[in-house]
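Please go through the model below with the sequence at hand. The paragraphs after it take up one part at a time.

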Amino acid sequence: MTEPLVKPKKKNPVERTRLATRPPAARSRSALGLTRAAAEGRFEMQVCAECGAVQYPPREVCGRCLSERLAWKPVDDRGELLATTTLRHSNDPYFRERLPWRVGSVKMAAGPVVVAHVHEDCTANGAVRLALKLDRSGQAVIHALPAKNTPNMNEAPQMRESTCDPKFRRVLVSDGKSAMGLAVAEAMLDAGAATVFVGDPTIWKRVAAFDRLAADPRVQVVELDVTDTDSVKRLAASIGGKVEILVNTAAYLRDGGILGRKDVILARDAMDVNVLGPMRLAQAFGPGMCFRAADGTHGAVAWVNVLSIHALVALPGRGAWSASMAAALSAAQTLRAELRGAGVQVVNVFPGPIDEEWEQLTPPPKLAPATVAKAIVQGLQDGREDIYVGDIAEEIRERLRHNHKAVERELGQ
Amino acid sequence: MTTPILTQFMNALLTGRLRLVDLTQTLTPEFPTIVLPPEFGQAWPFRIEEISRYDERGPAWYWNNFSMSEHTGTHFDAPIHWISGKDQPDNAVDSIPAENFIAAACVIDVSAESAENPDFLLTIDFVEAWEARHGRIPERAWVLLRTDWSKRTTPREYLNMAEDGAHSPGPDAEVVPWLIRARNVHGFGTESVGTDAGQAHHLNPPYPCHYYMHGNNRYGLQCLTNLDQLPPQGALIFAAPLKIRNGSGSPLRVLALAPAA
């Protein structure tokens with residue numbers, strides 16, 4: 001049985017902080033198909049279109065019939081543990097620091113035998129479920145999990161190397177006053193966050209829900225306006241060493257295309273909040289989070305960008321905003337590459353329309369901010385890197401894969 | 001031979017018979033700008049980014065880029081700022097005659113009234129009572145409203161927003177045309193974020209200070225500070241906005257000369 005997490009003790013301030021190491025990151029290009037599936041929380045392998053054989057490890061041609069027609073598809077995740085062992089020695093610096101480490105071989109119901117990280121609650125020779133998860137290098141690894149959930153199973157040390165659970169962690173919500181920010185802060189508290197720092201960009205404005213949130217003893221209100229470099233730097237200088245999960249909820253959404261306006265002020269304001277905002281946050285908070293990525297049992301783990309599905313394809317009715325979302329996604333990809341060295345996971349959230357004041361005229365279905373916030377928490381607990389929330393986001397994502405021109409034309413009508 | 005007049009002036013400054021008072025708020029990112037309903041365009045607050053600071057971006061020099069609206073921080077309102085002043089001659093900051101950047105100032109102290117009632121409105125009666133004590137407002141003088149609003153140091157206290165909008169003092173709709181017609185004033189200045197009261201959108205006309213002052217080619221100053229250091233009469237104001245082509249206003253340094261207290 002997995003021991004439940006205990007609240008981390010206060011750190012000994014005269015001990016050197018352990019720096020982050022990473023598990024081996026090299027993968028073949030074919031193997032990155034596993035990474036794509038893991039990033040979105042799916043279990044996929046290559047399946048031969050000719051003979052139906054499921055392939056593992058990923059390859060260029062079918063291991064049975066040599067066909068090149070291998071397609072990534074969801075496959076049966078069940079299997080049986082053939083053999084397990086617990087490593088007590090490793091020459092790899094990352095695993096050395098995390099020993100003992102349980103590994104094993106699993107015979108998949110779908111055919112292949114895979115080597116997997118084996119959960120401590122798996123019984124020898126028992127039935128297991130396989131899951132693809134990202135490791136601290138951002139690459140896919142296979143975890144063998146008990147066939148049925150066991151208590152606290154996500155709290156096992158090996159699982160925590162592939163997840164970003166907010167429990168007992170300290171979270172910064174950059175704009176805690178927006179509908180989304182309030183919902184994220186509440187969801188983080190519900191998930192057991194030790195402290196939630198909520199940014200207040202408009203201290204002159206009273207928001208009753210924000211005042212109620214601030215009354216929670218685990219909540220600390222901080223002045224933060226992501227368009228003000230000095231404000232971002234001041235905050236990082238004061239709490240930068242405590243932030244283990246950063247959720248950027250600062251957002252600027254306004255209607256309007258490009259030709260319909262006389263100026264680019266709205267576009268510039270959108271860029272300032274949605275693109276330069278996270279860049280300012282990254283420059284101020286990124287280095288500290290990287291430094292603390294392996295600090296104890298609750299190091300800095302995740303950077304969450306709340307974007308929109310329209311980061312992937314423009315909604316011309318909100319053209320300037322869409323452009324800012326696309327730019328924000330691009331910046332997030334760079335940030336992901338830059339934070340990967342420390343193993344801090346960059347999580348991009350792509351919701352469909354959200355039920356908030358600037359989406360008043362958007363027809364339903366709209367997502368409640370609490371739904372998006374729960375999806376963020378779930379994604380962190382599962383260790384996902386791309387989170388699509390709601391039917392509209394799922395549909396657009398799926399349809400972009402098949403015919404992105406069709407989506408572009410339809411959204412432009 | 002008599003001493004040249006500017007030498008006399010400098011001597012008065014050096015010997016302390018004249019004081020220089022800075023009426024300007026420091027430009028900081030935190031200093032609030034006026035808040036309009038969010039569907040309207042908004043004035044940019046002051047923002048600053050370092051270009052270099054004796055570092056790899058510029059080894060021997062320190063400098064910054066900054067951005068803000070024409071109406072951020074202590075700023076000057078030109079007549080073209082308001083629709084009523086759009087057709088006035090020389091109504092933009094670049095075309096206002098330079099001699100208009102120096103004028104006498106009358107400081108009307110309503111700080112006690114404002115402390116009691118943040119919606120305090122200046123009336124003709126109040127100004128006449130002030131004149132009875134301090135003398136008639138001279139022609140082409142700034143009328144500055146001392147509310148001590150500049151001593152409200154947090155944005156929340158300064159903007160004083162409630163569910164029905166901002167609450168800060170200003171002139172009523174009758175006193176503004178009266179100041180222009182009967183006293184031929186130069187302009188109106190305040191310590192709060194606008195020359196009009198926080199609730200001035202409910203007056204008739206809305207924003208009477210903007211409407212009448214600019215409609216009569218007069219000027220505005222707002223976000224002033226240190227008005228408590230000026231005498232009711234006898235101070236001189238230097239307020240020269242930046243020379244922005246067709247600019248509607250500009251942040252500026254407002255300096256006052258006042259006799260030694």
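In this predicted model, helix 5 of chain B is followed by B:Asn184, a residue with a positive phi, near 50 degrees. The helix itself covers residues 175–183, and B:Val175, B:Val176 and B:Leu179 are buried in it. Viewed down the axis of helix 5 of chain B, the buried residues fall within an arc of 110 degrees, so they line one face of the helix. The background is helical geometry: with 3.6 residues a turn in an α-helix, residues three or four places apart point the same way. The cover over the buried residues of helix 5 of chain B includes both strands and helices of chain B: strand 6 (121–122), strand 7 (141–146) and strand 10 (170–171), together with helix 3 (124–134) and helix 6 (208–215).

Strand 9 of chain A has parallel pairings with two strands. With strand 10 of chain A (residues 195–200) the pairing runs over four bridges, and A:Val173 has A:Val198 as its bridge partner there. With strand 12 of chain A (residues 245–248) there are three bridges, and in strand 12 of chain A the partner of A:Val171 is A:Ile245. A right-handed β-α-β unit is made by strand 9, helix 4 (residues 179–190) and strand 10 of chain A.

Next, the nonpolar cores. Which residues have the most contacts inside the largest nonpolar core? They are A:Val184, A:Leu246, A:Val304, A:Val349, A:Val372 and A:Ile376, in a core of 79 residues. Leaving aside residues up to four places away in sequence, A:Val184 touches A:Val173, A:Val247, A:Thr249, A:Ala373 and A:Ile376. Another core, of 55 residues, lies apart from it and has B:Ile96, B:Val175, B:Leu224 and B:Ala256 among its members. B:Val175 is also one of the buried residues of helix 5 of chain B.

What remains is the contact between the chains. Chain B contributes 10 residues and chain A nine residues. On the side of chain B that touches chain A, the elements giving two or more residues are strand 2 (47–55) and helix 4 (155–159) of chain B. That side of chain B consists of six nonpolar residues, three charged and one polar.

Definitions and conventions:
Residues are numbered from 1 along each chain as its sequence is written. Chains are lettered from A and ligands numbered from 1 in the order in which they are written. This is a predicted model: local features need pLDDT of at least 70, side-chain atom pairs count only at pLDDT 80 or more; totals for chains, interfaces and linings use all residues. Two residues are in contact if their C-beta atoms, placed from the backbone, lie within 7 Å. Ala, Val, Leu, Ile, Met, Phe, Trp, Tyr, Cys and Pro count as nonpolar, Asp, Glu, Lys and Arg as charged, and the others, Gly among them, as polar. A nonpolar core is a set of buried Ala, Val, Leu, Ile, Met, Phe, Trp, Tyr and Cys residues joined through C-beta atoms within 7 Å. A residue is buried if 20 or more other C-beta atoms lie within 10 Å of its own, exposed if 12 or fewer, and partly exposed in between; C-beta atoms are placed from the backbone. Two strands pair if DSSP finds at least two bridges between them. A crossover is right-handed if, with the strands pointing away from the viewer, the path from the first strand over the helix to the second runs clockwise. The arc is that of the directions from the helix axis to the C-beta atoms.
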